[in-house]
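Hello,

Here is the structure I promised to pass on. Please open it next to this message, and my notes on what turned up follow below.

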There are 2 protein chains.
Amino acid sequence: MSTTTKKWYVGVDLGGTTIKMAFITSYGEIVSKWEIPTNTEDGGIHITMDIAKSIDHKLNELNQEKEHLAAIGMGAPGFIEMETGFIYQAVNIGWKDFPLKDRLEVETGLPVTVDNDANIAALGEMWRGAGDGAKNLLCVTLGTGVGGGIIANGQILHGASGMAGEIGHITSVTKGGAPCNCGKTGCLETIASATGIARLATEAVAVSNEPSLLKEQFDTLGSLTSKDVFEALAKGDHLAEQVLDETASYLGVAIANLSNALNPEKIVIGGGVSKAGDALLEPLRTYFNQYALERVASSAEFKIATLGNDAGVIGGAWLAKQKLTKTHY
Amino acid sequence: MSTTTKKWYVGVDLGGTTIKMAFITSYGEIVSKWEIPTNTEDGGIHITMDIAKSIDHKLNELNQEKEHLAAIGMGAPGFIEMETGFIYQAVNIGWKDFPLKDRLEVETGLPVTVDNDANIAALGEMWRGAGDGAKNLLCVTLGTGVGGGIIANGQILHGASGMAGEIGHITSVTKGGAPCNCGKTGCLETIASATGIARLATEAVAVSNEPSLLKEQFDTLGSLTSKDVFEALAKGDHLAEQVLDETASYLGVAIANLSNALNPEKIVIGGGVSKAGDALLEPLRTYFNQYALERVASSAEFKIATLGNDAGVIGGAWLAKQKLTKTHY
């Protein structure tokens, strides 16, 4: 067993509120995981030092030396130059033109690789989650927004300027679509995110005259969440079914169109909305099969993401391992 | 200069009517190009022998020995297993379960690499054509059908079952679209291929009451081609403009949606329809900018393919060279 095989990798997943961290073996097993708050004060300047101290603290706690760590793989939100680990901008964090990789390497003394947060989640699912090691994988995260990570030939796609995988901004409604945070209208995100589903539900109760659980809920609370939709759905509510069918149809077209271009082996659906499970997967698969080429549909398997909040740190460790083994061997 | 650098590569581009062939230097320069008819008799069994004999014949003509050839890269239509160069099915050729790579290696004594015809055209444009070496490139071929090749991280994407790049079967019209050869309806191919443009034009003259060149042409000939549309357009015909605008809008959405996922540096438009040049590119770019994320749009450049019919043989030579250098060094 080589030294590198015995060493641990550090996965870091930076979010606007917390930084998730873990020590992970070269087989992708979590040895220890923890989180610290994200300190966005002073333009996020303290974050790299916080990470470095937290790593040392955890090593102490586990009675391990720094030498036991091989490298850090980190996911961050925002616009990133992957090769240099330079953050052009990360609005939630406060970073602007921040040399993340360089700073974290200086603070920790470890080699650092940086990628987009949606991408490392996809890599995590590929390595140890629902992706089962598939070399061609499409990862769609349905959370507050809609994110994506595309793995082709075993590599995460970055594109010309690090923007690859922006699946949430595929235009689903070309005319008269709802406004999106990105400045466009009719994006998939306005339909298939938790926020989008809540919006569709609110629209549906406004125009429907049928009695329904969703309408009752709306009349009581004055607003609806995607959770309300899934709860009503579980009780067989017709209006909730109609809302989810609309979401599934647009999502099905978008994923089928991407799949005709990418021919993925696995399509992994993650994020809060994916907790709906089969209630979402079943109509989604039906629409997907309708719009994908037969040979594309027959080689693609839908899966719900299995790693939850651990996907990012595990993907970070994968990234660190890949970088290290590519450089050193 | 190494031996491999001095040697020539053989590019072969197999079509239903002719086989295009060329000897190509390691820098992608065509030394000699020629074509032979495709003999589809007896289930296409004679094709590999025809290619082998033609190569020997051309070597003779050029007074060169077989040793001067390094390898063959070949593009073929149909469903292909790339690693093994096995053709599951190629309807136009007559092949079914045909071990193309193995057969051609036996006939020629040269190492053979096989890929899809749309993919080798994309590789050709990347290497020596409009792609200018871009490592992230989307190639869209608007011919009788609509084909595509996607290059990401410098590699052509094949996907899980060799279907990647089937851009023509992206669903552009989800409800009530025209039937496509693939069995689905509303595919991009039914709108943006030469056939699709002719169909849209025929529909447009049927419902329009305005006088127009396109209508006159239709009344005279009883049918319309895409060429008629582009000729009328060059003369400022309003109805022709309307037809092309419809094509450009669907094509613009499809390419923008793919680009949000792939973030290409170059978007190369080839095939017969691309001869329309700016008449097509200008509205296409406008729609693209409307539907692509700003950062995606600003890093993508549209180009008309420059290699024409040579794209396939040049891409074949690139493929052969890549394979050889990867294996031997």
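**A lysine in a strand of chain A**

Lys266(A) sits in strand β12 of chain A, which runs over residues 266–270. Before going further, please keep in mind that this is a predicted model. Is Lys266(A) buried or exposed? With a relative accessible area of 6%, Lys266(A) is buried, because the cut-off for that class is under 20%. What surrounds this lysine, once its neighbours within four places in sequence are set aside? Its contacts are then Ala130(A), Gly131(A), Asp132(A), Ala134(A), Asn136(A), Leu137(A), Leu138(A), Glu301(A) and Lys303(A).

**Salt bridges**

Over all chains, the search of the whole structure gives 20 salt bridges. I picked out a few of them for you.

In chain A, Glu203(A) and Arg199(A) form a salt bridge through their side chains, at 2.7 Å from N to O. Both residues belong to helix α7 (residues 194–207) of chain A and are 4 residues apart, about one turn of the helix. Glu203(A) is partly exposed at 43% relative accessible area, and Arg199(A) is also partly exposed, at 26%.

In chain B, the side chains of Asp56(B) and Lys66(B) are joined by a salt bridge of 3.3 Å, N to O. This pair ties together distant parts of the chain, 10 residues apart: Asp56(B) is in helix α3 of chain B, while Lys66(B) is in the loop between α3 and β4 (69–76) of chain B. Asp56(B) has a relative accessible area of 35% and is partly exposed; Lys66(B), at 26%, is partly exposed as well.

Glu61(B) and Lys58(B) make another side-chain salt bridge, 3.2 Å from N to O. These two residues are 3 residues apart in helix α3 of chain B, about one turn of the helix. Glu61(B) is exposed, with 52% relative accessible area, whereas Lys58(B) counts as buried at 11%. Back in chain A, salt bridges with shared partners connect Asp132(A), Lys266(A), Glu301(A) and Lys303(A) in one network.

**Helix α3 of chain B**

How far apart are the end C-alpha atoms of helix α3 of chain B? They are 21 Å apart, and this agrees with the 21 Å that its 15 residues (47–61) should span at 1.5 Å a residue. Its buried residues are Ile47(B), Thr48(B), Ile51(B), Ala52(B), Ser54(B), Ile55(B), Lys58(B) and Leu59(B). Why do they count as one side of α3(B)? They cover an arc of only 165° around the axis, and that puts them on the same side of the helix. On the face turned away from this buried side are the exposed residues Lys53(B), His57(B), Asn60(B) and Glu61(B). Just after α3(B), Asn63(B) has a positive phi of about 60°.

**The two domains of chain A**

According to the domain assignment, chain A has domain 1 (3–124 + 309–328) and domain 2 (131–305). Their C-alpha centres are 29 Å apart. In this chain, 8 residues of domain 1 are in contact with 11 residues of domain 2. The two domains bury about 810 Å² between them, with carbon and sulfur atoms giving 62% of that area. On the domain 1 side, Met82(A), Asn119(A) and Ala122(A) lose the most area to domain 2, together 46% of what that side buries. The count of salt bridges between the two domains is 0.

Best wishes

How values were computed:
Residues are numbered from 1 along each chain as its sequence is written. Chains are lettered from A and ligands numbered from 1 in the order in which they are written. This is a predicted model: local features need pLDDT of at least 70, side-chain atom pairs count only at pLDDT 80 or more; totals for chains, interfaces and linings use all residues. Side-chain values use heavy atoms; hydrogens and water are left out. The expected span of a helix is 1.5 Å times one less than its number of residues. Buried means under 20% relative accessible area, exposed over 50%, partly exposed in between (1.4 Å probe, protein chains only). The arc is that of the directions from the helix axis to the C-beta atoms. Domain bounds come from an automatic or database domain assignment. Contact means heavy atoms within 4.5 Å. Buried area is the accessible area (1.4 Å probe) that two parts lose on being put together, summed over both. A salt bridge is a side-chain nitrogen of Lys or Arg within 4 Å of a carboxyl oxygen of Asp or Glu.
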